[in-house]
Amino acid sequence: MAIQQRNLEQLQVFNIRTPATLSSNSDTTGVDLSAIDGDALFILNAGTSSAGTINAKIQHCATVGGTYDDVTGGGFAQLTATAGTQRISIPREELRQFFRVSFSGLASSYSAPVSCVAIGAARYPS
């Protein structure tokens, strides 16, 4: 099935984390998803590390400054020394308005650059 140009024009990309080495456990800033419909596609990209591991998971909240909860099915496979890309698709209606990615369990030797984006179709096409 061919991808239609109209569909591509409706895609919005949310930059969650620009490529950078993780030096501590951290959470990204909350991102507002209210402008999209359908599924939200989360793409996590990690470079090669000399050693170590880290965990990454998607969390959501009703308000940007509120308490974030883990999203069911929102855990990425543990990042290891091997470079790779992972993706998770979650229906928009299962997500609250704001989301972030939480990085935890960082082994001190983990030294890979990590980036993350989310992609979704605009609710109201421009």
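How far apart are the mean positions of the positive and negative charges of the chain? They are 3 Å apart, with 8 positive and 9 negative charges going into the comparison. Lys and Arg count as positive and Asp and Glu as negative, while His and the chain ends are left out. Each charge is placed at NZ of Lys, CZ of Arg, CG of Asp or CD of Glu.

A few notes from going through the model:

1. Ground rules. This is a predicted model, where local features need pLDDT of at least 70, side-chain atom pairs count only at pLDDT 80 or more, and totals for chains, interfaces and linings use all residues. Residues are numbered from 1 along each chain as its sequence is written, and side-chain values use heavy atoms, with hydrogens and water left out.

2. Fold make-up. You'll find one helix and nine strands in the chain, in the order α-β-β-β-β-β-β-β-β-β along the sequence. The radius of gyration is 15 Å, close to the 14 Å from the globule rule for 126 residues, so the chain is as compact as a globular protein of that length. Helices (H or I, at least four residues) and strands (E, at least two) are DSSP runs, numbered from the N terminus. The radius of gyration is taken over C-alpha atoms, and the globule rule is 2.2 Å times the number of residues to the power 0.38.

3. Overall dimensions and surface. Taken along the principal axes, the C-alpha atoms fill a box of roughly 45 × 35 × 20 Å. The chain exposes about 6900 Å², and carbon and sulfur atoms supply 50% of that; the areas come from the Shrake-Rupley method with a 1.4 Å probe, and for residues only the protein chains shown count as cover. Of the 126 residues, 36% count as buried. Buried means under 20% relative accessible area, exposed over 50%, and partly exposed in between (1.4 Å probe, protein chains only).

4. Contact range. Take the contacts between residues at least 6 apart in sequence: 84% of them join residues at least 24 apart. Contact here means heavy atoms within 4.5 Å.

5. Strand pairing. Strand β9 (residues 113-122) runs antiparallel to β1 (residues 11-21), with eight bridges joining them; in this pair Gln12 stands opposite Gly120. β9 also pairs with β4 (residues 36-46), again antiparallel and over eight bridges, and here Asn45 faces Ser115. β4 in turn pairs with β7 (residues 84-91) in the antiparallel sense over eight bridges, with Pro91 of β7 as the bridge partner of Asp39. For the record, two strands pair if DSSP finds at least two bridges between them.

6. Ser115. This residue lies in β9, and its 16% relative accessibility makes it buried. Beyond neighbours within four places in sequence, Ser115 is in contact with Arg17, Thr18, Pro19, Ile43, Leu44 and Asn45. Ser115 and Thr85 are 30 residues apart in sequence and 9.6 Å apart in space, C-alpha to C-alpha.

7. Thr85. Buried or exposed, then, for Thr85? It is exposed, at a relative accessible area of 57%. Thr85 belongs to strand β7 and touches Ile43, Leu44 and Asn45, not counting residues up to four places away in sequence. Ten residues along the chain is Leu95, and the C-alpha atoms of Thr85 and Leu95 are separated by 22 Å.

8. Gly84. Also look at Gly84, placed in strand β7 and partly exposed at 35% relative accessibility. With neighbours within four places in sequence set aside, Gly84 is in contact with Leu44, Asn45 and Ala46. Gly84 and Val114 are 30 residues apart in sequence and 9.8 Å apart in space, C-alpha to C-alpha.

9. Asn25. Now for a loop residue: Asn25 lies between β1 and β2 (26-27) and counts as partly exposed, with 45% relative accessibility. Which residues does Asn25 touch, not counting those up to four places away in sequence? They are Phe103, Ser104, Gly105 and Leu106. Asn25 and Arg92 are 67 residues apart along the chain, and their C-alpha atoms are separated by 27 Å.
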